[in-house]
Amino acid sequence: MIKHEIKIAFTEYNSLAELDTADQIICREAVKAMEHSHSPYSKFKVGAALLLESGKVIRGSNQENAAYPSGLCAERTALFNWGANHPDDPIQTIAITAHTDNFDILKPVTPCGSCLQVMAEYEKKQGAPLKIILYCIDGPVWVTTGVASFLPFMFFEERLVAQ
Ligand code: THU
């Protein structure tokens, strides 16, 4: 029998002010992205912003639907926009934030497994890791590079793409 242990690594900052200017700007873009959140059911707004190598910013927000499973998370809204429209302009950073009037959010909101899996796919596609910034408004900020930190058991099978 072998017992395995996996360590993950991320950096915590006390507030947005501790980040460098570029990272602060992309976090603020994630906040702006929440303006177009369509979340009448959960009342939980999520915003995601991608900073591309060219400097272009892509915003995404959660889009809910009366047929609940038809909705989509903010991260995938932004990431699929990138895949459909800007696949040759590598993603450097994704910033994610959330807000609800219903309760206080005191720590960063972490992306769901499906969104992390989509980040993993695009890291492979572009051949470079993403800087992932989880921004809690008026709270701490968690930063890591490479989705493996948050999804060590991401699914990927080289032989599916090699054929
Ligand atoms: N949501 C996201 O947009 N991103 C995540 O990573 C987790 C959850 C959205 C989906 C739904 O609209 C709302 O948050 C409540 O689950």
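## Briefing on the predicted model

Helices α2 and α3 pack at an angle of about 25 degrees, with their axes 9 Å apart; axes here are lines fitted to C-alpha atoms, for helices over the stretch in contact, and angles run from 0 to 180 degrees between N-to-C directions. That angle makes α2 roughly parallel to α3, since angles under 35 degrees count as roughly parallel, over 145 as roughly antiparallel, 65 to 115 as roughly perpendicular and the rest as oblique. This is a predicted model, in which local features need pLDDT of at least 70 and side-chain atom pairs count only at pLDDT 80 or more, whereas totals for chains, interfaces and linings use all residues. Residues are numbered from 1 along each chain as its sequence is written, and side-chain values use heavy atoms, with hydrogens and water left out.

**The α2–α3 pair**

- The crossing in which α2 passes α3 is left-handed, a term used if the near helix is turned anticlockwise from the far one by less than a right angle, with right-handed used if clockwise.
- On the α2 side, E75, R76, L79, F80, W82 and G83 meet S114, C115, V118, M119, Y122, K125 and Q126 of α3, where contact means heavy atoms within 4.5 Å.
- Helices (H or I, at least four residues) and strands (E, at least two) are DSSP runs, numbered from the N terminus.
- Q126, found in helix α3, counts as buried at 18% relative accessibility; buried means under 20% relative accessible area, exposed over 50%, and partly exposed in between (1.4 Å probe, protein chains only).
- Leaving aside neighbours within four places in sequence, Q126 is in contact with W82, P90 and I91.

**Nonpolar cores**

- In soluble globular proteins, nonpolar side chains tend to be buried together.
- The largest nonpolar core holds 28 residues, of which L50, L79, I94, M119 and I132 touch the most other members; such a core is a set of buried Ala, Val, Leu, Ile, Met, Phe, Trp, Tyr and Cys residues joined through side-chain atoms within 4.5 Å.
- At least two residues of this core are supplied by each of β2 (44-52), α2 (74-85), β4 (91-100), α3 (113-126) and β5 (131-135), and the largest share, 5 residues, comes from α3.
- Residues up to four places away in sequence not being counted, I132 touches I94, M119, W142, V143, T144, G146, V147 and F150.
- A second, separate core has 12 residues, including C27, A49, Y135 and V143.

**Cysteines**

- The structure holds 0 disulfides, a disulfide being a pair of cysteine sulfur atoms within 2.5 Å.
- The cysteine sulfur closest to that of C73 is in C115 and lies 3.8 Å away, which is too far for a bond.
- For C115, the closest cysteine sulfur is in C112, at 3.7 Å, and this is also too far for a bond.
- C115 counts as buried at 0% relative accessibility, whereas C73 counts as partly exposed at 25%.
- C73 lies in the loop between β3 (57-61) and α2, and its contacts, leaving aside neighbours within four places in sequence, are with S61, N62, C112 and C115.
- C73 and E121 are 48 residues apart in sequence and 16 Å apart in space, C-alpha to C-alpha.

- K131 is found in strand β5 and, at 23% relative accessibility, counts as partly exposed.
- Although K131 and T93 are 38 residues apart along the chain, their C-alpha atoms are separated by 4.5 Å.
- Not counting residues up to four places away in sequence, K131 touches D23, Q92, T93, I94, V143, T144 and T145.
- A22, in helix α1 (residues 21-33), counts as partly exposed at 40% relative accessibility, and its C-alpha is 10.0 Å from that of G55, 33 residues away in sequence.

**Positive phi values in loops**

- Most residues other than glycine have a negative phi, and most peptide bonds are trans.
- K43, in the loop between α1 and β2, has a phi near 60 degrees, a positive value in a residue other than glycine, and counts as partly exposed at 48% relative accessibility.
- D138, in the loop between β5 and β6 (141-145), likewise has a positive phi near 60 degrees, and at 81% relative accessibility D138 counts as exposed.
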